[in-house]
Amino acid sequence: MYGMIHCAVREMFVEQLGATEWAALERAAKITAADQISFNVYDDALTMRILEEAAARLGLDMQDCLEEFGRYWIVFAGKGSFKLMMEFTGDDIVTFMSNLDQMHRSVVRTLTKAQMPSFQVLEKGEGYFTVLYLSERNGLGAFVTGLMKGLLDHFNQVGDVKLIKDGPVGLEYKIWHRDGP
């Protein structure tokens, strides 16, 4: 995965448990600052080792940690180097999701070894839409659920996200949404 993912995990973790605990996590996971360079691509096993250690120290099972991190990723990206890119991707959640593959293609121009997922809006209706998530990586369904929930927050929407189909072609989600407070 990408160093920016490692940086986001570190930021989420430090916000919750502090820098001293992060240093302990680094030792336990056998990582250094060289494993946290934003625009480097790292082996997925390293990223999962960092997330597993974070989950254990946060008192979360791995699926809950992935979901929480997916939600946090939207906050992290929205205030960091991807802020402008996110702003141009869409003014509402459905438009954003419809344009996400285009945004990922832009990222690949910088991270040439990146393996970006695909998000395809399959259906749109009044107050809901469905999305097909495709990726070469397995086991990230909870992370994607967190991303969708983070996007609801980002666009000041309230609603729900449900995995409705876990098949050989990908994961299909239904997202219900309406304007929030």
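Strand 2, which covers residues 128-134, is mostly covered in this predicted model, with six of its seven residues buried, where buried stands for under 20% relative accessible area.

Strand 1, residues 118-125, pairs with strand 2 in the antiparallel sense, and the pairing runs over seven bridges. Serine 118 of this pair stands opposite leucine 134 in strand 2, while glycine 125 has tyrosine 128 in strand 2 as its bridge partner. The two strands form a hairpin in which two residues lie between them, and glycine 127, in the turn, has a positive phi of about 85°.

Strand 2 also pairs with strand 4, residues 171-179, again in the antiparallel sense, here over six bridges. Within this second pairing, valine 131 stands opposite tyrosine 173 in strand 4. In general, the strands of a sheet pair through backbone hydrogen bonds, in either a parallel or an antiparallel arrangement.

These pairings belong to an open sheet of four strands, in which the order is 1-2-4-3 and the pairing is antiparallel. Strand 1 and strand 3, the latter made of residues 157-166, stand at the edges with a single partner strand each, and therefore one side of each is left without a neighbour in the sheet. From one strand to the next, the twist averages 25°.

Turning to the helices, helix 4 (residues 62-79) and helix 7 (residues 141-154) have axes that come within 6 Å and cross at roughly 35°, and the crossing in which helix 4 passes helix 7 is right-handed. On the helix 4 side, the residues that meet helix 7 include Leu66, Phe69, Gly70, Trp73 and Ile74, and among those they meet in helix 7 are Phe143, Gly146, Leu147, Gly150 and Leu151. Charged residues also take part, including Glu67 and Arg71 in helix 4 and Lys149 and Asp153 in helix 7. Taken together, the residues of this contact divide into eight nonpolar, six polar and four charged.

Helix 2, residues 19-29, has its own set of buried residues, namely Trp22, Ala24, Leu25, Glu26 and Ala29. What covers these buried residues includes helix 1, residues 3-17, and helix 3, residues 44-58. Just after helix 2, lysine 30 takes a positive phi of about 60°.

Technical notes
Residues numbered from 1 in each chain as written. Predicted model: local features only at pLDDT ≥ 70, side-chain atom pairs only at ≥ 80, totals over all residues. Heavy atoms only, no water. Axes fitted to C-alpha atoms, helices over the stretch in contact; angles between N-to-C directions. Left-handed = near helix turned anticlockwise from the far one by under 90°. Contact = heavy atoms within 4.5 Å. Buried < 20%, exposed > 50% of the residue type's maximum accessible area, 1.4 Å probe, protein only. Pairing = 2+ DSSP bridges.
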